[in-house]
Amino acid sequence: MHKIPFKNRYVTLGKTFYVKTGPSPVANPTLIKFNDSLAKTLGLSDVNLNSTDGAEIFAGNLIPEGAEPLAMAYAGHQFGYFNPQLGDGRAILLGEIVSPDGIFFDMQLKGSGRTFYSRGGDGRAALGPVLREYLVSEAMEKLGVPTTRALAVVTTGEDVVRERLLPGGIITRIATSFVRVGTFQYFSAKGDLKGIKKLADYVIERNYPQVCDAVNPYVAFLKAAVDNQAALISQWMQLGFIHGVMNTDNMSIAGETIDYGPCAFMDAYDHDRVFSAIDSGGRYAYSNQPTIGLWNLTRLAETILPLLAEDTDAAVEVAQDVLKTYLESYHINWLAGMRAKCGLTENLDKSKNDDKALIEELFNTMAANNADFTLTFFYLSLMTEQPLEQDNHIRALFDNPTQFDEWAVKWRKRLRDESTTDGERQAEMQMVNPVYIPRNHQIEAAIRAAEDHDDYSVFHDLHEVLQNPYAQQDGKDSYMLPPEPDEVVRQTFCGT
Ligand code: AMP
Ligand code: MG
């Protein structure tokens with residue numbers, strides 16, 4: 001077996017950053033899924049991880065040579081309340097690897113046993129949430145959204161105790177960084193200025209090398225982190241994705257979607273949709289995500305104030321100037337993305353405000369008529385300048401189709417400003433309007449088959465379809481469908 005080429009740097013930051021901890025072995029690891037294409041991206045194709053040795057590594061039973069396992073320290077605001085010490089309670093960073101393209105990646109096991117930060121928890125993960133994270137994170141990647149990746153899933157051969165006994169699983173996750181906003185908060189809460197600077201320097205070198213030459217690299221870093229987050233959340237909004245638990249410890253400093261817990265894609269559009277069973281106040285509802293992004297970034301800015309300027313007043317002003325750009329950046333991203341979804345790519349200056357109003361009117365009409373988010377945009381991307389029979393596909397999604405018709409008249413009027421042909425516009429729209437998303441009821445079906453019948457075919461089939469979410473696939477129409485009333489999943493759980 002070839003070695004995994006680890007090149008660990010986080011471990012060199014010093015003992016205040018982590019606690020060295022190995023994974024706890026499990027009884028009987030079985031490799032359920034291995035991500036060949038990601039392994040290739042990482043330069044791991046020759047390591048032969050798709051094997052029994054691989055299963056032992058991904059289960060934490062075998063520590064690969066060069067790994068220096070540790071649990072990272074971090075703090076975080078959970079639903080608005082600050083906890084000065086959270087940390088990896090059920091995850092372990094095995095180490096960092098450099099891909100053939102020269103990009104650093106963290107490799108982490110999640111569900112690998114207790115650590116210094118486990119508090120009352122068992123350090124384990126149930127198989128269901130692990131399969132869910134695999135499906136959704138890999139779908140996000142194929143949808144074009146920055147995200148942590150899934151390299152492998154194993155079952156442990158052990159049960160975990162939740163409301164009932166559930167089979168245990170471990171996911172191996174890959175990220176360009178597992179540093180979170182909460183990691184900065186950890187050092188800030190301790191008043192450890194040196195730690196903050198060290199962390200910021202590490203993150204800049206690793207994830208934001210472009211800011212190194214700025215007059216003040218820390219200001220430029222904050223701006224880049226703000227831009228990344230604005231772009232990311234705008235992408236979530238354009239796909240109807242609800243993260244569900246946007247605590248500051250679940251916001252990646254690299255701008256990747258991280259910590260797939262009670263997340264979900266909407267079926268019928270609802271501006272204020274909440275899935276997470278623990279989000280009773282709706283803090284992380286769909287419509288709140290953009291402003292929560294700003295709230296979290298404000299917490300980040302607070303931690304690095306001493307790096308932004310010599311005196312506090314000046315630093316606060318600098319931070320505010322940067323944070324002010326977030327909502328503007330978010331709205332620019334959102335409008336550009338939504339225009340693309342609606343096929344509006346020309347006469348942008350002239351029609352800016354009208355386009356925004358037109359798009360908002362579509363969403364209002366969808367909400368009033370329980371129209372499916374994904375299918376509305378997919379069928380819109382099949383429409384032509386002249387009304388045709390096939391309009392009935394999209395009309396049927398609306399409780400009252402005439403309300404859609406009224407909107408479509410305005411949309412078609414706006415299309416007259418576009419010089420593209422129907423075919424050109426449809427092709428462009430289909431590149432941004434997916435046919436398939438990981439629908440909750442399908443994920444649930446995959447989990448049920450795996451947990452209840454040891455049958456992974458439903459998981460594998462769903463994963464396969466989601467590899468190519470923008471292309472309609474022969475014989476896969478059932479994956480497009482919203483849930484039947486008895487299939488609706490109303491709540492999602494962290495699975496902790
Ligand atoms: P999460 O909700 O997954 O973002 O986790 C929040 C915090 O709780 C993190 O510090 C986790 O490491 C910790 N945690 C969650 N589940 C467990 C568990 N089963 N055992 C130990 N720690 C956990
Ligand atoms: Mg978390």
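Residues are numbered from 1 along each chain as the sequence is written, while chains are lettered from A and ligands numbered from 1 in written order. In this predicted model, local features need pLDDT of at least 70, side-chain atom pairs count only at pLDDT 80 or more, and totals for chains, interfaces and linings use all residues; side-chain values use heavy atoms, without hydrogens or water.

Start with the domains. The chain is assigned domain 1 (10–178) and domain 2 (182–339). Those bounds come from an automatic or database domain assignment. The C-alpha centres of the two domains lie 23 Å apart. Their contact (heavy atoms within 4.5 Å) takes 37 residues from domain 1 and 40 residues from domain 2.

Domain 1 and domain 2 bury about 3300 Å² between them, 59% of it on carbon and sulfur atoms. Buried area is the accessible area (1.4 Å probe) that two parts lose on being put together, summed over both.

Three salt bridges are counted between the domains. Each pairs a side-chain nitrogen of Lys or Arg with a carboxyl oxygen of Asp or Glu within 4 Å. Arg173 forms a salt bridge with Asp259, with the closest N and O atoms 2.9 Å apart.

Now the side of domain 1 that touches domain 2. β4 (76–78), β7 (104–110), α3 (127–143) and β10 (165–175) each supply at least two of its residues. Helices (H or I, at least four residues) and strands (E, at least two) are DSSP runs, numbered from the N terminus. The largest share, six residues, comes from α3.

Finally, ligand 1. It has 18 residues around it, of which Gly87, Gly89, Arg119, Asp122 and Gly123 come nearest. Here, a residue counts as near with a heavy atom within 4 Å. A polar side-chain atom of Arg90 lies 3.2 Å from a nitrogen atom of ligand 1. A backbone N or O atom of Gly123 lies 2.8 Å from a ligand 1 nitrogen atom.

Key. Polar contact = N/O pair within 3.5 Å; in protein donor to acceptor, adjacent residues only side chain to side chain.
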